[in-house]
Amino acid sequence: MRAYKTVVFTVFALGSIFLGTAQETLTPKEKERMDNKVQVFTSDERDNIQMWFYEQTNKLGLDESTRNMYATILNDHIYDLGRLTDKDKHYNEAEILSKIEEDKVKVNAKIKPLLTENQYQQHLEHYNRVLDVYIKRIKENK
């Protein structure tokens, strides 16, 4: 059950690339961050991407421990990716794309030792597909 919760958490963390919901109890710094947040995807698009990635992650057939490590690594990086388009970052498209590529290399280097070669190839396919959609949307919005 813990593995299921971790995967669900990972799916929703993926959504942090695309997420921007405000709460009434935000600190001034959090409010400023929310004001600078750029919505790259609609709620429906985020939901569809999250569910698709969740389904693909299930197909990897990871044991609970590996799934938790996999989710932790992705969670650590997804948040940072989601902040790249914020107005206060002042990154141009080339800088954003470069940072996405740098992060992708870091994520994959951490994930590769956890997976079999077949699982790793599946991960690359799934993760790259999500990043490709993200990059395409960034290019459309610039």
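Predicted model: local features only at pLDDT ≥ 70, side-chain atom pairs only at ≥ 80, totals over all residues.
**Entry 1: helix 4 against helix 6**

I began with helix 4 (residues 64-83) and helix 6 (residues 117-141), and found that they pack at an angle of about 15°, with their axes 13 Å apart. Angles under 35 degrees count as roughly parallel, so I noted helix 4 as roughly parallel to helix 6.

**Entry 2: helix 3 against helix 6**

Next I turned to helix 3 (residues 43-59), which packs with helix 6 at an angle of about 170°, the two axes being 9 Å apart. Since an angle over 145 degrees counts as roughly antiparallel, I wrote down helix 3 as roughly antiparallel to helix 6.

From helix 3, I listed E45, I49, W52, F53, Q56 and K59, and these meet Q122, H126, Y127, R129, V130, V133 and R137 in helix 6. The class count for this contact gave me six nonpolar, three polar and four charged residues.

**Entry 3: helix 5 against helix 6**

For helix 5 and helix 6 I found a packing angle of about 165°, with 12 Å between the axes, which means that helix 5 is roughly antiparallel to helix 6. I also noted that helix 5 passes helix 6 in a right-handed crossing.

The contact list has E93, I96, L97, I100, D103, K104, V107, N108 and I111 on helix 5, and these meet Y120, H123, L124, Y127, N128, L131, Y134, I135, I138 and K139 on helix 6. By class, I recorded twelve nonpolar, three polar and four charged residues for the contact of helix 5 with helix 6.

**Entry 4: a closer look at L97**

I picked out L97, which is found in helix 5, and asked myself which residues L97 touches when those up to four places away in sequence are not counted. I found I135 and K139. L97 and I135 are 38 residues apart in sequence, yet their C-alpha atoms are 7.2 Å apart in space.

**Entry 5: H90 in a loop**

I then went to H90, in the loop between helix 4 and helix 5 (93-111). Most residues other than glycine have a negative phi. H90 is not a glycine, but I found a positive phi of about 60° for this residue. H90 also counts as exposed, because its relative accessibility is 65% and the cut-off for exposed is over 50%.

**Entry 6: the whole chain**

Last, I stepped back to the protein as a whole, where I counted six helices and zero strands, in the order α-α-α-α-α-α along the sequence. Buried residues make up 42% of the 142 residues. Among contacts with a separation of 6 or more, I noted that 75% come from residues 24 or more positions apart. The accessible surface came to about 8,300 Å², and 51% of this belongs to carbon and sulfur atoms.

Methods
Residues numbered from 1 in each chain as written. Heavy atoms only, no water. Helix = DSSP H or I, 4+ residues; strand = E, 2+ residues; numbered from the N terminus. Buried < 20%, exposed > 50% of the residue type's maximum accessible area, 1.4 Å probe, protein only. Contact = heavy atoms within 4.5 Å. Areas by Shrake-Rupley, 256 points an atom, 1.4 Å probe, with all protein chains shown as cover. Axes fitted to C-alpha atoms, helices over the stretch in contact; angles between N-to-C directions. Parallel < 35°, antiparallel > 145°, perpendicular 65-115°, else oblique. Nonpolar A, V, L, I, M, F, W, Y, C, P; charged D, E, K, R; others polar. Left-handed = near helix turned anticlockwise from the far one by under 90°.
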